[in-house]
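Please open the structure in your viewer and keep the selection tool at hand.

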Amino acid sequence: MSIEIETVELEELNSPREQYATAAPPNAVAGANVETDAPAPRSRRILGILCAVVLISAIAWGLHVRAANEASVADATQAAAILSVNVVHPVEGSKADDLELPGNVQAFTDTPIYSRTNGYLKKWYFDIGAHVRKGDLLAEIETPEIDQQLEQSRAELERIQANADLAGVTSNRWQTLLAKHAVSQQEADQTRANFIAAQAAVDASRANVRRLEQLQSYERIIAPFDGVITARNTDIGDLIDAGSGSSNPRELFHMDATGTLRVYVAVPEVYSDSIHDRDSATLTQDSNPNQRISGTIVRNANAIDHATRTLNVEVDVDNAKGVLRPGAYVFVHFNLPALGNAVTIPSNALLFRAEGLRVGVVRDNRVQLLPVTIGHDFGNSVEITSGLTTADEVILDPSDSLANGMEVQPRLASQKGQS
């Protein structure tokens, strides 16, 4: 088509020239016109051929580019058909090797302090938070009734002692008269019995005096041991009732011995056989998570609680520096014997299938679904006691369509937070 169009155009171009040649002067030579016009049609044919070649080349190049694009799309489609998965390596060991349990901190000695006598509080000397030594005076109580009873008892003792002395003299005199047969044996025995009764009355009166003196000594509230005053529930002028067994007892002070602290931990029955006396333990607390406090297992109940199925364990902590406070909530870490074949993997690597628990592992870019056994579930991770090694590439977040032999492209994910 392009060649025919080019020929028509050449014919139209030649028409004016022929007219011009017809109008040429008479003296022009015909042969000269033929030689002048011959190169024009040849050049136009060459130009048409070149245009055709360019057009064909453009079409060929377009077909080549299209084929290349189709090949690239095919390669991309084939690559996209291979599932890309994130994998991690199991972590050697288990969190179960470090058993972490909550514990309650208690003072080694924790006691309320009551009054043993009745009266009014005269003065107190230590407030809450004060460190006191054994024997320090904490408070004084005014006891006027006890004071008067003590004076009366002492006077009564003197009277009874005088009567006893007189009975003793009388008894000795009658014994002398009896030796001379001046009195009967009955009378002598009677005076001797009176003297013995008078001595017994003296002893009873003296005991009563000591009792009242002891009650009077309770006017002074004394610290029973070295410790810290954790509560003061009285003030000057308060009416004080004796004893702690009354219907409404008044606890004057509360003291804790904080030099050594007891930490009680309820250990689940499954771990009870791994807890032994004199083993070490480590304490942490939320208020200072980077601080680790050493303790020692000193005793356990040697019996499982029926209600909680736990073993009560006592851990003693040296608290000379006062890093712990009684009543604090802490976490106690027990170092249990490690299982040699145990590893830990994230919980989102588990597959729950009808045939049982499975974990997807990548080997030679192919999926293998392996059966595993869980030891302990730690929430975001689980302990695997059999079925995996640290060299395996475990698939994270496996899809339900994952099957044995499926080709995948593994990509190692971060293992932060697994251990």
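Select R159 first: at 45% relative accessibility, R159 counts as partly exposed, a term for values between buried (under 20% relative accessible area) and exposed (over 50%), computed with a 1.4 Å probe on protein chains only. The model is predicted, so local features need pLDDT of at least 70 and side-chain atom pairs count only at pLDDT 80 or more, while totals for chains, interfaces and linings use all residues. Residues are numbered from 1 along each chain as its sequence is written, and side-chain values use heavy atoms, with hydrogens and water left out.

E156 and R159 form a salt bridge, with their closest N and O atoms 2.2 Å apart; the term requires a side-chain nitrogen of Lys or Arg within 4 Å of a carboxyl oxygen of Asp or Glu. The two residues are three places apart in helix α4, and are therefore separated by about one helical turn. Helices (H or I, at least four residues) and strands (E, at least two) are DSSP runs, numbered from the N terminus.

Remain in helix α4, residues 144-179, and select S171. Is S171 buried or exposed? With a relative accessibility of 1%, S171 is buried. Leaving aside residues up to four places away in sequence, S171 touches T191, R192 and F195, where contact means heavy atoms within 4.5 Å. The C-alpha atoms of S171 and T191 are 4.9 Å apart, although 20 residues separate the two along the chain.

Next, select D127 and R232. Their salt bridge has closest N and O atoms 3.0 Å apart. D127 lies in the loop between β4 and β5 (131-132), whereas R232 lies in strand β8 (residues 227-232), so the pair ties together parts that are 105 residues apart in sequence.

For a sheet, display β7, β6, β4 and β9. These four strands form an open antiparallel sheet in the order β7-β6-β4-β9; two strands pair if DSSP finds at least two bridges between them. Which strands stand at the edges? They are β7 (220-222) and β9 (239-240), each of which pairs on one side only. Strand β4 (residues 119-124) is joined to β9 by two bridges, and G119 has I240 as its bridge partner in β9.

Proceed to Y329 and F331. The structure holds one aromatic pair. Y329 and F331 form this pair, which is edge-to-face, at 5.5 Å centre to centre and 80 degrees between the planes. Rings of Phe, Tyr and Trp (its six-membered ring) pair if their centres lie within 6.5 Å; planes under 30 degrees apart count as stacked, over 60 as edge-to-face and the rest as tilted. Y329 is partly exposed, at 46%.

Finally, select Q285 in strand β11, residues 280-285. Q285 is buried, with a relative accessible area of 11%. Among the residues that Q285 touches, not counting those up to four places away in sequence, are Y329, Q291 and I293.
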